[in-house]
Amino acid sequence: MAPKTVQLEIKRQASPDAPAVWEKFELEWRPGMNVISAMMEIATNPVTADGQATTPITYDSNCLEEICGSCAMRINGKARMACSSLVENLEQPIRIEPLSKFPLVRDLQVDRSVLFENLMRVKAWVPVDGTYDLGSGPRVFPQEQEANYPLSNCISCTCCMEVCPQFNEDTGFVGAATIAQVKLFNNHPTGKVFKEDRLRALAGDGGVQECGFAQNCVEVCPKQIPLTNAISDVSRDVTIQKVKDFLRG
Amino acid sequence: MAAPKIIVVGGGLAGLAAVIKIAEAGGTVDLFSIVPVKRSHSVCAQGGINAAKNLKGEGDTTDKHFDDTIYGGDFLANQTPVKAMCEAAPGIIDLLDRMGVPFNRTPEGLLDFRRFGGTLYNRTAFAGATTGQQLLYALDEQVRRHESTGHVNKYEGWEFLSAVLDSKGVARGITALNLRTMELRSFAADAIIIATGGIGAIFGKSTNSVVCTGSAQSAIFQQGAYYANGEFIQVHPTAIPGEDKLRLMSESARGEGGRVWVPRTVGDKRPFKQIPESDRFYFLEEWYPKYGNLVPRDIATRAIHKVVYEHHLGIDGQPMVYLDLTHIDRATLNRKLEGILEIYEKFVGDDPRDVPMKIFPGMHYTMGGLWVDFNQMTNIPGIFAAGECEYQYHGANRLGANSLVSCIFGGFRSGPNAMAYARSLPAAEGDGGHAAELARQAEINNNLMTNDGTENPFKLWRELGETMSKHATVVRYNKGLKQADEKIVELQERFKQVNLSDKSQWANTSFAFARQLGNMLELSRVVVGGALLRDESRGAHYKPDFPERNDEQFLKTTKASYTGSADGPRFEYEAVDIQFIKPRPRRYDATK
């Protein structure tokens, strides 16, 4: 029996200004293969399916356990993590492209620093007095922990932003991930001291009002974070904040 | 006088902890990281963080934590810093709690604790089974806060290449490579803190992340730093074998009641459900009745090896054993372990709530590392180290859930110590060595880029990993270690013939990898050489030809130094600080 093979088509682009080309690869199939191991295999033998020498593929990756959020890309048209994309569950040829909503660096690598900038804008932290010993933290009941923990699982992969029709240069929308973090920190007994600042940061252009309720975010999230609930809750709080600010003059 | 300028290399728990302390003390920090710091390897830690808070009415104390850690590490760790860490741990948990880490809670709203290996107490605080992720995020958020006030400048996407040393051998900064533009630059600092994690990549496949190559430690080692206890490598008993890596299956699975077993009879092909209790061999529980499935990792790993390779009881004849959670109700599993169960489900395809997991040991943690003094400073003045990249807290074997506390504690110490050092540092003469170091690095880069040999660096790496995993992990023989060293020397020769298929000056990952590989090869010789010379068995270092611990000869820290010669590193030994707990035999099959 001829060995099973894996067919890949990968969109290559040497730099942001270079033209994009598709390269085809054919690899020997091995059980348990994922998209990352296929690309590691290409690095050891960078030759295309038609025998042309090429270069190893540039892509972001780190933990390979779907917890660091690095290896998001479009695989067969769907934004997802390459590490948890098992070859045997994918239709072949497997078509791999970079995320399309972020500045391209090279091949499958894009610049997603906008998310970290957004997190700074909404003060996504708990303002502790200092790191010296001040005794235990506030009491938190298990029910509250169980509500907040899923929000805290966001791996910053930006898949939710990639699939959002509203996430584009015209709207400047911050995207679901940041809004969910606003909910998380506004829920925290100490973090809520910045609640009004965070809500105001999401009140104007590019804020929570840009959401068009397409619900793509919640479907694509690899961590099943209740993103649409978070958007609804924060949206309500932003409206209340706007009214308060209006009345205060 | 201007506030000291500190460079921190690495943005995992240790690096971020150091950054926070420096920013809080009014210093400014340049923080270098290959990946955005929120994607650092600390994110992979699963089970929890140890602190003797004694919230379960068991009479736990920091002294017991200290004793468990020293005993678990087979008495190789210096006791003064370990004692200080265990005493600081409860305060660290409180701080993380205040920072908003969503730790699991008791019904009364207090921190919940679970059991982990190598202790009989519920001492491990946890946030589901993604504790490292939650801790890293908490520190990342605090660092972002300090970034917003201008105390921290992040250089994400820059890789550390070397320290800049002045004519007196004092650190004056670093050189680094921009992984996007490929720009080589030097950065000035009054002190630097290395916090670059473990060295899993030299074993090819491990539970470590892609960036855990040990390249930075190796570069510093080649510049004159001691590397201590390199031969002590932790192989985690429960990993999921994979094509690209070995995925960790947390010890917390056993902490919550998971049981390890194999069918009692060789060749028993029945599906697990048809195998009655009487035909199941719960070998850890039988061999270690007191600790059961929660013996320390080195013990559990060797037991699994024994069952598979000596008793030939691996499942379906394969090197795998069952880790079984199916007797625990789904709601409890979801509340306490969901993160790791999802990993298994996604990567293997079976639901571990219904089907026992199939696991096997995998390289996991680097106990050894850069030698540091009790102030976290290496022997190179001005270079500090914290976290997994240094050697100080775990001796010959690390206990589960002690890594997170050691990273944060080490980071918290190194930051203020680096500040104090920097405040009394006299100004550099001339340019402090920057031009010379830049020139040295430029030459290395140029040679690599223009080399027209025939070797592919990724293939060399694969061979290195196979050799290291075969000869320098669970069971070690001097003959095999010698073979491994010869193989590394061969790979070093072939490395000189590396030809990069990518010679571009933009986001060239092959180039960055080849530089790491050169450093990995140097560090591999430290691991293998240290193991070869240590003719005893202690903690994770096990030689069947020398099965006993030999305190008279080897209750000593191994210190390797770089020679630059083909003979490899030079090794010397240093006495261990044992002033608090007298070494005693380490036997988990009996009460300690």
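Figure 1. Leaving aside neighbours within four places in sequence, Ile192(B) is in contact with Ile7(B), Val9(B), Ala163(B), Ala171(B), Ile174(B), Gly382(B) and Ile383(B); two residues are in contact if their C-beta atoms, placed from the backbone, lie within 7 Å. The model is predicted: local features need pLDDT of at least 70, side-chain atom pairs count only at pLDDT 80 or more, and totals for chains, interfaces and linings use all residues. Residues are numbered from 1 along each chain as its sequence is written, and chains are lettered from A and ligands numbered from 1 in the order in which they are written. Ile192(B) is among the residues with the most contacts inside the largest nonpolar core, together with Cys160(A), Val9(B), Val19(B), Ile193(B) and Ile194(B). This core has 263 residues, and its largest share, twelve residues, comes from α14(B). A nonpolar core is a set of buried Ala, Val, Leu, Ile, Met, Phe, Trp, Tyr and Cys residues joined through C-beta atoms within 7 Å. A residue is buried if 20 or more other C-beta atoms lie within 10 Å of its own. Helices (H or I, at least four residues) and strands (E, at least two) are DSSP runs, numbered from the N terminus.

**Figure 2. The four-stranded open sheet of chain B.** The strand order is β18-β11-β20-β21, with antiparallel pairing; two strands pair if DSSP finds at least two bridges between them. β18 (369-370) and β21 (570-575) of chain B stand at the edges with a single partner strand each, so one side of each has no neighbour in the sheet. Helix α14 (residues 509-533) of chain B packs on the sheet and touches β11, β20 (556-561) and β21 of chain B. The direction of α14(B) makes about 140 degrees with that of β20(B); axes are lines fitted to C-alpha atoms, for helices over the stretch in contact, and angles run from 0 to 180 degrees between N-to-C directions.

**Figure 3. Bridge partners within this sheet.** Two bridges join β11 (residues 227-228) of chain B to β18(B), and Tyr227(B) stands opposite Leu370(B) in β18(B). β11(B) also pairs with β20(B) over two bridges, where Ala560(B) is the bridge partner of Tyr227(B). β20(B) and β21(B) are joined by six bridges, with Thr558(B) opposite Tyr573(B).

**Figure 4. Strands β3, β4 and β5 of chain B.** β3 (residues 49-50) and β5 (residues 122-125) of chain B pair in the antiparallel sense over two bridges, with Asn50(B) opposite Thr124(B). β4 (residues 113-115) of chain B pairs with β5(B), also antiparallel, over three bridges, and Arg114(B) stands opposite Thr124(B). The hairpin of β4(B) and β5(B) has six residues between the strands, and Gly118(B) there takes a positive phi near 75 degrees.

**Figure 5. Packing of α5 and α8 in chain A.** Helices α5 (residues 176-187) and α8 (residues 227-248) of chain A pack at about 65 degrees, with axes 9 Å apart. Residues Ala176(A), Ile179(A), Ala180(A), Val182(A) and Lys183(A) of α5(A) meet Leu227(A), Ala230(A), Ile231(A), Asp233(A) and Val234(A) of α8(A).

**Figure 6. The contact of chains A and B.** Chain A gives 58 residues to the contact and chain B 57 residues. On chain A, α1 (35-44), β6 (104-106), α2 (113-121) and α3 (142-152) each supply at least two residues of the side that touches chain B.

Conventions
Buried ≥ 20, exposed ≤ 12 C-beta atoms within 10 Å, placed from the backbone.
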